[in-house]
Amino acid sequence: MTHQPLSHRRATLTRAAFVTAPLCMLAYGAIRLSDPGHGPGPAWTAGHVLLLAGVLQFALILPALHRLTGPARGAGRLGAGAATLLGLTGTLAVAAQASIDLVVGFRAADRPEMARLFEEIQSHPGVLPAVYTVGPMLFYAGLLWLLVHLAVQRRVSPWRPVMVVLGTATTAVSLDLLPLGALFFTAALLPRSLPLTAPRVQPLG
């Protein structure tokens, strides 16, 4: 039995994440539409497990996009690093929100009890902005910043950041449009060829 090097396994997982992360978001959005009561129950749990799985994969995607920026210096290097940190901070916020939603879904017997538990959690100082309002937006801002940076460097096509803007705007209009927004994110991240273990990677195309 052969064992793949850790770097090779990580690269394989990262390549897969560019596809599976937005697809997890798409599946979450579809399950959410099938559950008009919005929990608690199996649909709520399954949807949020998929959401959490999708979000956590961005812990691989964002650093991979950062590596695509290459050996930039000065403001470019600082900007790419700041964008990555911003995106990872937002990823943590969305993951925390999905985790809270799962816990509330498990604890509550019905929707009114879920509302009471959410109100109790969100009443703690700092929770609402960190986990529900400002924090999650950092994810979208960091991802968009990185893709714009890469587009300016001509390492990715300009339409990719446009897809992120459309996906973010669509989701902001209504969570019922989340499947459509996820399709925009799928288009933005779908890789053609990503040799992520190489010092200099090829453009996404």
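A residue counts as buried when its relative accessible area is under 20%. With that cut-off in hand, here are some close-ups of this predicted model.

**View 1. Phe58 and Phe139 meet edge-to-face.** The two residues make an aromatic pair with 4.8 Å from centre to centre and 80° between the planes, which is an edge-to-face arrangement. Phe58 belongs to helix α3 (residues 58-68) and Phe139 to helix α6 (residues 127-152), so their pairing ties together parts that are 81 residues apart in sequence. Phe58 has a relative accessible area of 1% and is therefore buried; Phe139 is buried too, at 6%. Look around them and you will find one aromatic cluster, formed by Phe58, Phe139, Tyr140 and Phe185.

**View 2. Trp44 and Phe118 form a tilted pair.** Searching the whole structure turns up 4 aromatic pairs. In the one shown here, the ring centres of Trp44 and Phe118 are 6.4 Å apart and the planes stand at 55°, so this pair is tilted. Distant parts of the chain are linked by it: Trp44 sits in helix α2 (residues 42-56) and Phe118 in helix α5 (residues 111-122), 74 residues apart. Trp44 is buried, with a relative accessible area of 10%, and Phe118 also counts as buried, at 10%.

**View 3. Helix α8 and its buried side.** Spanning residues 178-189, α8 has 12 residues and reaches 16 Å from first to last C-alpha, close to the 16 Å expected at 1.5 Å a residue. Its buried residues are Leu178, Pro179, Gly181, Ala182, Phe185, Thr186, Ala188 and Leu189. They lie on the same side of α8 because they cover an arc of only 165° around the axis.

Technical notes: Residues numbered from 1 in each chain as written. Predicted model: local features only at pLDDT ≥ 70, side-chain atom pairs only at ≥ 80, totals over all residues. Heavy atoms only, no water. Helix = DSSP H or I, 4+ residues; strand = E, 2+ residues; numbered from the N terminus. Expected span 1.5 Å × (residues − 1). Buried < 20%, exposed > 50% of the residue type's maximum accessible area, 1.4 Å probe, protein only. Arc of directions from axis to C-beta. Phe/Tyr/Trp six-rings, centres within 6.5 Å; stacked < 30°, edge-to-face > 60°.
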